[in-house]
Amino acid sequence: MILLKLFYEFFKIGLFAIGGGAATIPFLSSLSDATGWFTKTDLANMIAISESTPGAIGVNMSSYVGFEVYGIAGCVTATLGLVAPSVIIIIIVAGFLKRFRENSTVKSVFYGLRPASTGLIAAAAFEIVKLSLINIDAFCASGILMELFNIKNIILFIILFAAMRKWKLHPVFYIGAAAIVGIIFKL
Amino acid sequence: MKLLLDLYLVFFRMGIVCFGGGYALLPIIQREVVDKRGYATAEEINDYFAIGQCTPGVISVNVATFVGYKQKGIAGGIVATLGFITPSILIIAIVAAFISNFADIQAVRHAFSAIRVCVCVLIIEAVLKFRKSSVIDILTAVICIAVFIAASFTDVSPVILVIFAGAAGVIYKKIGGKH
């Protein structure tokens with residue numbers, strides 16, 4: 001019974017959270033109020049762990065909440081609930097696209113959509129740049145210009161950027177190398 | 001059957017190496033799906049991201065479903081998605097069961113701080129690649145910059161931005177643009 005409820009709750013989140021993993025957080029917050037399955041402190045921990053393990057954040061969140069509520073079965077059920085609406089909707093959209101791909105209106109829509117998608121991804125990149133290279137809080141607190149920049153991270157950024165330009169290795173190689181550098185140099 | 005298994009495994013691998021949310025998936029999907037296997041073109045991946053942004057659900061799951069569907073219909077869409085979420089389920093179950101303070105471990109924090117820097121570079125590389133196929137004239141350049149500014153500095157929902165951009169494309173082509 002609780003599994004059914006888990007599936008239903010996460011199906012709802014999957015259906016209404018538009019715009020990626022972070023969009024699930026407000027829904028989980030109200031789920032915590034409504035069910036008492038986990039506290040707000042638990043939620044904060046879950047967010048931290050979801051962000052520091054591989055995988056999409058929304059999927060990690062549903063796995064975590066599901067596990068806390070009902071072990072492995074809960075973990076699988078909550079995540080399947082979360083992705084079920086995506087799968088259904090995307091299959092419908094993809095089927096539609098396949099039939100109307102050559103339609104001139106559909107083509108014009110995509111002509112406008114593609115640069116928008118690029119712009120949105122650039123905005124996501126900008127968010128992460130702010131988060132990892134710049135230290136606005138420390139700068140505001142101290143007023144020292146040097147504290148605005150996270151020097152170690154910026155050096156790593158430049159090295160990685162140059163390395164990626166020079167050697168077209170698999171992205172995973174750079175992620176692994178960065179992780180090791182991070183541990184050694186305490187970034 | 002072999003294609004389904006391959007889809008599952010490709011997306012399983014992506015689920016393992018996708019750090020820092022859906023956008024980090026981009027460079028890896030470009031490498032694995034576009035360059036290596038030709039399951040989709042770079043342009044199609046950009047389309048999938050655009051649609052994934054304005055349809056419900058996790059963006060990377062939407063993209064996985066799209067790629068799977070394109071290769072092998074409904075079964076492909078489901079299998080690719082299952083492949084992508086399996087590592088999350090396994091890893092989170094292990095972390096939740098055994099390591100209660102995982103996110104507080106110093107080494108994990110340092111590693112992730114550096115991984116975030118790496119993800120920055122990877123996403124910027126992906127944006128530069130996408131720019132080539134999406135920003136092709138003045139209107140598309142204006143759309144790209146306007147969306148970037150609106151998404152970075154205002155609270156306007158990405159859904160609205162994507163709808164406006166699509167409408168702008170249609171109006172422009174109807175009024176006088178040529179196909």
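Visitor: How many residues of chain B are in contact with chain A?

Guide: The model is predicted, so every value here is computed from it. In it, 94 residues of chain B are in contact with 86 residues of chain A.

Visitor: How is the size of an interface given?

Guide: The size is often given as the accessible area lost when the parts come together. Here chain B and chain A bury about 8000 Å² between them, and 78% of that is on carbon and sulfur atoms. On the side of chain B, the residues that lose the most area to chain A are B:P56, B:Y69 and B:I92, which together make up 8% of what that side buries.

Visitor: What polar features lie across the interface of chain B and chain A?

Guide: Between chain B and chain A, 18 residue pairs are in polar contact. The rule for salt bridges finds 4 across this interface. B:E125 forms a salt bridge with A:R165, where the closest N and O atoms are 3.2 Å apart.

Visitor: Which helix gives the most to the side of chain B that touches chain A?

Guide: That is helix 5 of chain B, with 23 residues. B:S113 has its place in this helix.

Visitor: Is B:S113 buried or exposed?

Guide: B:S113 counts as buried, because its relative accessibility is 12% and the cut-off for buried is under 20%. Apart from its neighbours within four places in sequence, B:S113 is in contact with A:N153 and A:L187.

Visitor: Where is A:F161, and what does it contact?

Guide: A:F161 is in helix 7 of chain A, residues 151-166. Its relative accessibility is 23%, so A:F161 counts as partly exposed. Leaving aside neighbours within four places in sequence, A:F161 is in contact with B:V121, B:I124 and B:E125.

Visitor: What should I look for in a nonpolar core?

Guide: In soluble globular proteins, nonpolar side chains tend to be buried together. The largest nonpolar core here has 114 residues, and those that touch the most other members are A:F10, B:F11, B:M14, B:V33, B:I45 and B:F84. Domain 1 (2-100) and domain 2 (104-185) of chain A both give residues to this core, so the core lies between them.

Visitor: Which residues is A:F10 in contact with?

Guide: Beyond its neighbours within four places in sequence, A:F10 is in contact with A:L28, A:L31, A:S62, A:V65, A:A78, A:G81 and A:L82.

Note on methods. Residues are numbered from 1 along each chain as its sequence is written. Chains are lettered from A and ligands numbered from 1 in the order in which they are written. This is a predicted model: local features need pLDDT of at least 70, side-chain atom pairs count only at pLDDT 80 or more; totals for chains, interfaces and linings use all residues. Side-chain values use heavy atoms; hydrogens and water are left out. Helices (H or I, at least four residues) and strands (E, at least two) are DSSP runs, numbered from the N terminus. Buried means under 20% relative accessible area, exposed over 50%, partly exposed in between (1.4 Å probe, protein chains only). Contact means heavy atoms within 4.5 Å. A nonpolar core is a set of buried Ala, Val, Leu, Ile, Met, Phe, Trp, Tyr and Cys residues joined through side-chain atoms within 4.5 Å. Domain bounds come from an automatic or database domain assignment. Buried area is the accessible area (1.4 Å probe) that two parts lose on being put together, summed over both. A salt bridge is a side-chain nitrogen of Lys or Arg within 4 Å of a carboxyl oxygen of Asp or Glu. A polar contact is a pair of N or O atoms within 3.5 Å; within protein, one must be able to donate a hydrogen and the other to accept it, and residues adjacent in sequence count only if both atoms are side-chain atoms.
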